[in-house]
Amino acid sequence: MVMFGKVKKLTLFLTAVIALALITSGCGGSKEGASEQGEQKDKIVVKFTHVVAESTPKGQAALKFKEVLEEKSGGQFEVQVYPSSQLYGDKEEQEQLLANNVQFIAPSVTKLITFNPSFQLVDMPFLFKDNNAAYKFFDGEQGQKLLKSLEPNGILGLAWWANGMKQFTDSKHPLKSPEDFKGLKFRTQSGGVLDEQFKALGAGSQTLAFAEVYQALQNGTVDGQENTFNNIDTQKYVEVQKYLTISNHGRLDYVVLTNTTFWSSLTPEQQQMVTEAMNEATAYERQLADELDATSFENIKNSGKVEIYELTDEDRAKFIEALKPLYDKYAESIGQEYIDAARNS
């Protein structure tokens, strides 16, 4: 009995030692690692998922963010980047962000209108004069206010990333005036403002996923579309379109988001590291977007496959007048303060 009691005590002691070892090993969750001296040194592992290729401005900027944050934090952060919907697609990423299964996403701005209709701002036609005007708005008081408006939904907007100004293409005839749109059908990436835009021009619209656009243009499901030079070039739309109008009529941009659960778990110093890394990645992304768009325009011209027309100031005035009903309809839901700030940027 004495021997049995000693064995039992020894077993309990060993069990306690093993449990203590497991607790202090630092296993589990999104924090990893320990120092050689046995002191806890957590590594914060975060996931950044997006739906485009690594070679795009968004894809390259996500890698830049990873590089800068990991270096700036001395390895305290590990950023895992998943491009091309490898982890989550368009439909899942917002849900997974809110569940904190992923910590960073960069959706198209129009994907956020379910949270706040003010994000329809970038779809409003002929609102921003050029890229610099858009960047001035994004970085200004109203643009930052719009980013912060998502916090009650558990989402924190960190940055505006650019793709560029949108242009029109179609397969029927040159688009030089509002009358040229009558009877045509255009692909849109979402409803609301974009559907109303084409309706005001006398055209029809159909919402299609980005991956479906080329085939829809090829088989005539839609006659045209609107996109940046870079997307028109890289998606090879010149193979299935005959006319391109340099209209600079709208924007295609992204918002980098995190969730408030993750953000609140960081110390002020860690939050500052993330902010500084994001600022560097944003400057890099915008420069790259501008450069790639310009290069793609040259590629489109040199292809000789599309007839190109650039709207004159007189042409633009006609479009602005034809599309004025959109501002009457959406000014209240978007917010006149945002519209005014964008116009004056």
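At 32% relative accessibility, S85 counts as partly exposed, a class that lies between buried (under 20% relative accessible area) and exposed (over 50%), with a 1.4 Å probe and protein chains only. The model is a predicted one, in which local features need pLDDT of at least 70 and side-chain atom pairs count only at pLDDT 80 or more, while totals for chains, interfaces and linings use all residues. Residues are numbered from 1 along each chain as its sequence is written, and side-chain values use heavy atoms, with hydrogens and water left out.

S85 sits in the loop between β3 (77-82) and α3 (90-98), where helices (H or I, at least four residues) and strands (E, at least two) are DSSP runs numbered from the N terminus. Most residues other than glycine have a negative phi. S85, although not a glycine, has a positive phi of about 60°. N100, in the loop between α3 and β4 (104-105), likewise has a positive phi, near 65°, without being a glycine. The table sets the two residues side by side.

| Residue | Phi | Relative accessibility |
|---|---|---|
| S85 | about 60° | 32% |
| N100 | near 65° | 27% |

For the protein overall, the secondary structure comes to 13 helices and 10 strands, and 46% of the 345 residues count as buried. Among the contacts (heavy atoms within 4.5 Å) with a separation of 6 or more, residues 24 or more positions apart account for 72%.

The largest pocket has a volume of about 1,000 Å³. Of the 41 residues that line this pocket, the closest to its centre are V51, V52, D90, K111 and F210. A pocket here is, on a 1 Å grid over the protein atoms alone, an open set of points where a 1.4 Å probe fits, with protein on both sides within 12 Å along at least five of seven lines, and lining residues have an atom within 4 Å of a point. Elements that give two or more residues to the lining include α2 (57-72), β5 (155-170) and β9 (243-259), whereas the largest share, four residues, comes from α3. By class, the lining holds 16 nonpolar, 17 polar and eight charged residues, where Asp, Glu, Lys and Arg count as charged, Ala, Val, Leu, Ile, Met, Phe, Trp, Tyr, Cys and Pro as nonpolar, and the others, Gly among them, as polar.

Helix α4 (residues 131-139) packs against helix α5 (residues 141-148) at an angle of about 60°, with their axes 4 Å apart. That angle makes α4 oblique to α5, since angles under 35 degrees count as roughly parallel, over 145 as roughly antiparallel, 65 to 115 as roughly perpendicular and the rest as oblique. In this contact, F137, F138 and D139 of α4 meet E141, Q142, G143 and Q144 of α5.

L147 also belongs to helix α5 and, at 0% relative accessibility, counts as buried. Leaving aside neighbours within four places in sequence, L147 is in contact with G157, L158, A159, W160 and V255. The C-alpha atoms of L147 and F119, which are 28 residues apart along the chain, are separated by 9.2 Å.

S205, in strand β7 (residues 204-207), counts as partly exposed at 26% relative accessibility. Beyond its neighbours within four places in sequence, S205 is in contact with K185, F186, T188, D195 and F198.

How values were computed. Grid points are joined across faces, edges and corners, and a volume is the space filled by probe spheres set on the points. Axes are lines fitted to C-alpha atoms, for helices over the stretch in contact, and angles run from 0 to 180 degrees between N-to-C directions.
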